[in-house]
Amino acid sequence: MSSMSVWLRLAAVGMLIAMIPHAAAAKPAGAGAARLTARADGIEARRGALLMRVTALTDAVLRVRIARNGTLPEDASWAVARESRLRSVPVRRTADGFATAGLRVHLGPDLRLRVEDEGGRTIVADDAEPIRFDGRGFILRKFLPRAEHIFGLGDKTGPLDRRGGTFVDWNTDAYAFTRATDPLYKSIPFFIGVGGPGGSYGILLDNSWRGWFDFGHRDPEVTSFGAPDGPIDYYILAGPSTAEVVRRYTDLTGKAPLAPLWSLGYQQSRYSYMSAEEVRTLAERLRRERMPTDVVWLDIDFQDRNRPFTVDRKAFPDLKGLAGDLGRQGIRLVAITDLHVARAPGQGYAPYDSGLAGNRFVHNPDGSVYVGKVWPGDSVFPDFTDAGARAWWGGLFRPLVDAGIAGIWNDMNEPSVFETPNLTMPLDAVHRIAGDDFAPRAARHAEVHNIYGMENNRATYEGLRALSPDERAFVMTRASYAGGQRYAVTWTGDNGSTWDHLALSIHQLINLGLSGFSYAAADVGGYTGGPSPELMTRWFEIAAFTPVFRDHSAKGTPRAEPWVDGPEQLAIRRRFVEQRYRLLPYLYALADQNARTGDPIMRPVFYDYPAALATPCDQSMAFTLGKALLIAPPPKPESPQAYEICLPAGGWYDLWTGRAVTGGAGTAPFDIVRETPRLDRLPVYVRAGTILPSQPLVQSTGEVPKGPLTLDIYPGEDCGGTIYLDDGHSMAFQRGAYLRQRVTCRLVAPGRLEIELAPSKGSFVPWWHEISVRVHGWAGPAAVSSGRATVASDFDAPANLLHFELPAMAAGGRIVIG
C-alpha cells in the first residue's frame with residue numbers, strides 16, 4: 001500500500017545526489033597537530049576545539065566518537081544497548097595509539113585513523129582529510145582499496161555489491177520501487193568491507209538523521225559517509241572473516257529472537273481477503289490442493305473503515321471463531337495494524353480517545369496534535385520514542401490477542417503520510433524522548449524519522465510479549481533501523497511482478513541478512529503488476545529456500561494464489577513448498593543458530609566460502625541456505641540460455657538426486673557445472689561433509705510428522721550437522737525445554753565411516769522415535785553396527801545409497817559402517 005505518485009518517486013530519486021554535501025563546501029576539522037592522551041581503554045585526541053575518542057569495546061570492536069566543540073554529546077543510542085556501549089577491554093599503549101589482543105590502532109597528528117591486524121595488515125584506514133564539517137553536518141572519509149567489495153545497508157536496491165553506489169538513509173514509502181530507487185523503507189547505516197588486505201570489517205554509523213554513503217561513486221578510492229546533524233558516533237568491527245563481522249555486529253545491536261516455527265512455513269496473503277467467508281474458502285482450497293500452509297494474512301480491509309484495532313463486523317462477524325476454525329486446520333492468522341490512529345473525536349474509538357487523554361501523540365511545534373491523512377483519513381500518530389506511549393500502544397492489542405490473532409503486521413511505518421510533498425510528517429513535528437538512557441527532551445521529526453518505525457515495532461513486540469508472556473511474539477515490519485531485528489521480521493515492500501524484481505529480491509534478502517535481519521521476505525510473485533505463470537513458478541521455487549515465504553499481491557492485480565495458472569504450474573509450486581516442509585528440521589536449526597550467533601539464515605556464497613568472491617562464473621543469483629545448501633538459479637532468470645555454476649572446492653551433491661556432482665575442469669578453487677534452465681528444476685547442491693536432517697511431509701507445522709527423522713549423510717571433510725527442536729511457539733526453550741544434538745561423521749578408512757551422535761542437550765522430547773540414516777555416495781553393501789548391536793541395512797546400487805534405521809539416540813552413541 002502506498003500514496004507515492006510516479007512524479008514524486010522520480011523526484012525523490014533525482015534528489016539523491018543533490019542532497020549529499022560536496023567536500024569542496026565542507027570545512028576541515030581543526031588545525032595543527034593533534035594532542036594525544038592515552039586512556040585505559042583507548043586514546044583521545046584534541047585538535048583545536050575538536051575532540052576525538054577511540055575506545056576498544058572488545059579486542060575486535062572499536063568505538064569512535066567525535067565532538068567538534070570538545071564536549072561529547074549524551075551517550076545514548078537506539079541501536080546499541082547501554083551494556084554494549086559501556087563494554088571495554090584494557091589496551092596496550094603505543095607511540096601513536098594503542099593495541100588490543102587482536103588490533104593495532106594508529107592515530108596521526110592530522111586525526112587520520114588506521115586500524116591494522118596483528119600482522120600489520122590494514123583493516124580500515126582514513127583517507128586524506130578524514131573529517132570535514134558542513135554546517136551542522138559532517139563527512140567522514142575512508143580509503144577504499146581497489147580489491148574491496150561493499151555489502152550491507154539492508155535492502156537497498158542495485159547490485160549485491162554496493163561498491164560504486166551512493167545511498168541515502170531516509171525511510172520512504174517507495175511504492176513500485178525499481179532497481180534504481182533510493183531511499184527505500186529502511187535505514188540500516190551498517191556496511192561490510194570484504195576483500196581488503198586485512199580481511200573483512202564492518203562500520204556502523206549510529207546516527208538517526210538523514211545519512212548518506214558513497215562507496216567510490218565520486219572518488220573511486222574513497223568511501224565517504226555522513227549526516228546533516230546529530231552525533232558523530234561510529235563503530236569499527238574487525239573480522240577477519242565476514243561471518244565474524246556479522247556476529248560482532250549482532251553482538252552490538254542485538255540478536256533476532258528465535259521465531260515461532262510456524263513462521264517458517266508457507267504463508268498466503270493478499271491486499272485484501274475481503275470477508276471471513278473468503279478466508280475460509282481460501283483455507284479450504286489450500287487444504288484441498290494439498291498445499292502445505294501455516295499462515296493467512298489479513299490486510300486492512302478486515303478493519304472497520306481502515307481504523308487500526310477495529311474489525312469490520314459485517315465482513316468478519318466472528319474473528320475469534322474464524323481464527324479458531326483455521327487453527328483446527330493448522331493455519332494461523334496474522335493481522336495488519338498500521339501505526340496511524342484515526343482522528344475520530346466523539347465516536348467511541350478507544351485508541352484515539354485513550355491516546356488523546358494520555359497525551360500519546362506526536363505534536364506540531366505550536367503544541368497541537370499533528371494530523372495527517374492516511375488510510376483512515378485524518379489520523380494522528382503515536383509518539384513511540386516515549387516509553388509511556390509504547391506501553392499504551394502495546395496494550396491496545398489485547399482484543400486481537402484474545403481473538404486468536406497469531407502475529408501483527410506493522411505497515412506504513414516509515415511513517416507514510418498522504419498528500420504531503422515529503423511523503424511523511426513535517427520535519428519540525430515534535431516528539432518526546434523519554435525512557436531508555438536518553439535524557440528526557442523534545443526532538444524534531446528530522447532526528448526521529450528513521451527510528452520511528454523501529455520504535456513502533458518495539459512497542460508492538462513488547463506489547464505482545466506482555467500480553468502473552470510465554471508466547472513468542474511475531475511482528476512483521478516494513479520500516480526499521482539498525483538493531484530493529486530485535487523486534488520484528490521484515491519484508492522488502494511493494495515490489496513488482498518482473499524478472500528483474502525476482503533477481504533484485506535475492507540481493508535484498510542477502511544484504512538484509514548481513515545487516516542483522518535474518519528473517520526477511522520479498523512478496524512472492526511481486527506485489528504490483530501480476531506475474532506470468534513462469535515468473536510465479538520460478539519465484540516459488542527460489543522462495544522455498546528463503547527465510548520467510550509469503551505470497552502477497554495488491555488490489556487490482558491478477559490473483560496470485562498457487563493454483564491460478566493451472567494444474568501443471570501448481571504441481572511444480574507445490575513440490576517446492578513440500579520440499580521446504582521436509583527441510584524444516586534443517587531450517588529450524590538455522591533459526592536456532594541465528595538466535596545464538598547472529599549468522600544469517602540466507603547467505604552470500606562467500607560468507608562460508610570466501611574464495612567465491614572471485615568466482616569466474618556469473619553467480620549473481622546464487623546464495624546459500626546456511627552453510628550446507630547452495631541454491632543456484634539462472635543468473636538471467638527469464639532466459640533459457642545455459643549457464644555455469646561455480647561450486648566451491650570440497651565436493652558437492654545434487655539435493656534432488658543425491659548423487660555426487662562431477663564438475664568440469666574448473667578454475668581452482670572451483671568445480672564448474674553447466675546447467676540448462678528448466679522451469680521444473682532449480683539447481684540445489686549439498687556440501688560434501690553435511691549431515692542434513694529432514695522430516696516426513698506435513699500440511700502445517702502444527703501437524704506431528706509420522707515416521708522417523710531422516711539424516712542424509714554426504715561424506716566429506718568437516719562432516720556434521722545439528723538437530724534442533726522445541727515446542728515451536730512458547731518461551732519454554734529459554735527454560736531448557738529444547739533438544740539440540742550434534743551429529744558428526746568421519747571416514748576413518750576407505751569403506752569405513754563412523755557416525756557420532758553427541759548426547760542431546762535440553763529436556764524437550766521430540767516427535768520421532770527412530771532415525772533413518774541415508775549415506776550418499778557409498779560404494780556397496782556394508783555392515784552397520786551401533787554399540788554391540790548389528791543394524792540391518794539395504795543398498796541402492798544405482799543411487800549409491802546405503803540406508804538403515806535405528807532407535808533415536810538422545811543419549812548419544814556411535815554408528816560404524818564397514
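**Figure 1. The disulfide of Cys617 and Cys646 in the predicted model.** The sulfur atoms of Cys617 and Cys646 lie 2.0 Å apart and form a disulfide. Cys617 belongs to the loop between strand S32 (602-603) and strand S33 (623-625), whereas Cys646 is part of strand S35 (residues 643-648), so the link ties together parts that are 29 residues apart in sequence. The link of Cys617 and Cys646 is right-handed, with 70° about the S-S bond.

**Figure 2. The disulfide of Cys719 and Cys745.** Cys719 is joined to Cys745 by a disulfide with an S to S distance of 1.9 Å. Because Cys719 sits in the loop between strand S40 (709-714) and strand S41 (720-725), and Cys745 in strand S42 (residues 739-749), the pair ties together parts that are 26 residues apart in sequence. The torsion about the S-S bond of Cys719 and Cys745 is about 100°, so this disulfide is right-handed.

**Figure 3. Pairing of the bonded cysteines.** The structure holds 2 disulfides. When the bonded cysteines of the protein are numbered in sequence order, the pairing reads 1-2, 3-4.

Conventions: Residues are numbered from 1 along each chain as its sequence is written. This is a predicted model: local features need pLDDT of at least 70, side-chain atom pairs count only at pLDDT 80 or more; totals for chains, interfaces and linings use all residues. Side-chain values use heavy atoms; hydrogens and water are left out. A disulfide is a pair of cysteine sulfur atoms within 2.5 Å. Helices (H or I, at least four residues) and strands (E, at least two) are DSSP runs, numbered from the N terminus.
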